[in-house]
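Hi,

Here is the structure I promised to pass on. Have a look at it first, and then read on for my notes.

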Amino acid sequence: RTILVPLHPYLGDADVTVGLYSADDGTRRPLDGEHVGQLAYRVAGLRLLPSAENIELSYASGWHPVEVDPSGAQSRWTGKVAVILFENPRTDSLLYLSLDAFETWNGEPRTLTLSIGDRVIDRIDLVPSDDAFHRIPLDLSLLGNASQIALRLEVDHVFVPTEQSGSRSADDRALGVRLF
């Protein structure tokens, strides 16, 4: 499973630890492995290095303001159509897209279409889930010679939280997908 590590000022070695709680009584359960205290166990290690390439993103149009959850994770909603700009890497590349699309349109899944210029690069069925992680290849022939790439994201149907059945939300924005 791929997990995106948020931008963080820390560089160096880091441990990944896990703990398991009982669903019955909420107590922490012992496991086999390298115990690091409080019934937590080291399962992996990684080294956080400086970013080799820092691709600046510019949210050109169709984006709602950045939202920050209590853990500090940032996300941003699209409208029906949103455009994001980035410098052409001038090499075959891989676009990582972490999104959440927990709402449906009249009970049916929605579709997100990604395009560069007039070329559709992917269509993603948006089904209710925790969150979805996509890897989308961008080959050099698709990127062309332009100095800047405009990636267009378009959902077939937006949703408005106040219009969802049983909603108590005061949010009347037209929302597409939420990107992390």
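Is Asp13 buried, partly exposed or exposed? Asp13 is partly exposed, because its relative accessibility is 49%; buried here means under 20% relative accessible area, exposed means over 50%, and partly exposed is in between (1.4 Å probe, protein chains only).

Some ground rules before the rest. This is a predicted model, so local features need pLDDT of at least 70 and side-chain atom pairs count only at pLDDT 80 or more, while totals for chains, interfaces and linings use all residues. Residues are numbered from 1 along each chain as its sequence is written, and side-chain values use heavy atoms, with hydrogens and water left out.

The overall picture

The protein has 1 helix and 14 strands; these are DSSP runs numbered from the N terminus, with helices being H or I of at least four residues and strands being E of at least two. Out of its 180 residues, 28% count as buried. Among contacts with a separation of 6 or more, 64% are between residues 24 or more positions apart, where contact means heavy atoms within 4.5 Å.

I'd start with S10, residues 110–116. All 7 of its 7 residues are buried, so the strand is largely enclosed by the rest of the structure. The cover is on both faces: Arg110, Leu112, Leu114 and Ile116 are buried on one side, and Thr111, Thr113 and Ser115 on the other.

S10 pairs with S11 (residues 119–126) in the antiparallel sense, over 7 bridges; two strands pair if DSSP finds at least two bridges between them. Leu112 sits opposite Ile124 of S11. The hairpin of S10 and S11 has 2 residues between the strands, and Gly117 there takes a positive phi near 60°.

S10 also runs antiparallel to S13 (residues 148–155), joined by 5 bridges. In that pairing Thr113 stands opposite Glu154.

What does Val155 touch, leaving aside its neighbours within four places in sequence? The contacts are Gly79, Lys80, Arg110, Thr111, Leu112, Leu126, Gly176 and Val177. Val155 belongs to S13 and is buried, at 1% relative accessible area. Val155 and Arg110 are 45 residues apart in sequence but 7.0 Å apart in space, C-alpha to C-alpha.

S1, S4 and S5

S1 and S5 pair antiparallel over 7 bridges, with Thr17 opposite Arg42 in S5. S4 (residues 34–37) is antiparallel to S5 as well, through 3 bridges, and His35 has Tyr41 of S5 as its bridge partner. In the hairpin of S4 and S5, with 2 residues between the strands, Gln38 has a positive phi near 55°.

Salt bridges

Side chains of opposite charge can pair when their charged atoms come close. The whole structure has 6 salt bridges, each being a side-chain nitrogen of Lys or Arg within 4 Å of a carboxyl oxygen of Asp or Glu.

Back to Asp13, then: its side chain meets that of Arg47 in a salt bridge (2.7 Å, N to O). The pair links distant parts of the chain, with Asp13 in S1 (residues 12–18) and Arg47 in S5 (residues 40–48), 34 residues apart. Arg47 is exposed, with a relative accessible area of 56%.

Arg178 and Asp100 form a salt bridge too (2.3 Å, N to O). That one also links distant parts of the chain: Arg178 is in S14 (residues 178–179) and Asp100 in S9 (residues 93–100), 78 residues apart. Asp100 is buried, at 3% relative accessibility.

Glu154, the residue opposite Thr113, is in a salt bridge with Arg152 (2.8 Å, N to O). Glu154 is partly exposed at 27% relative accessibility, and Arg152 is partly exposed at 33%. There is also a network of salt bridges that links Glu67, Asp171 and Arg173.

His64 lies in the loop between S6 (57–63) and S7 (67–68). His64 is buried, with a relative accessible area of 18%. Not counting residues up to four places away in sequence, His64 touches Arg76, Trp77, Thr78, Gly79, Arg173, Ala174 and Leu175.

Over to you!
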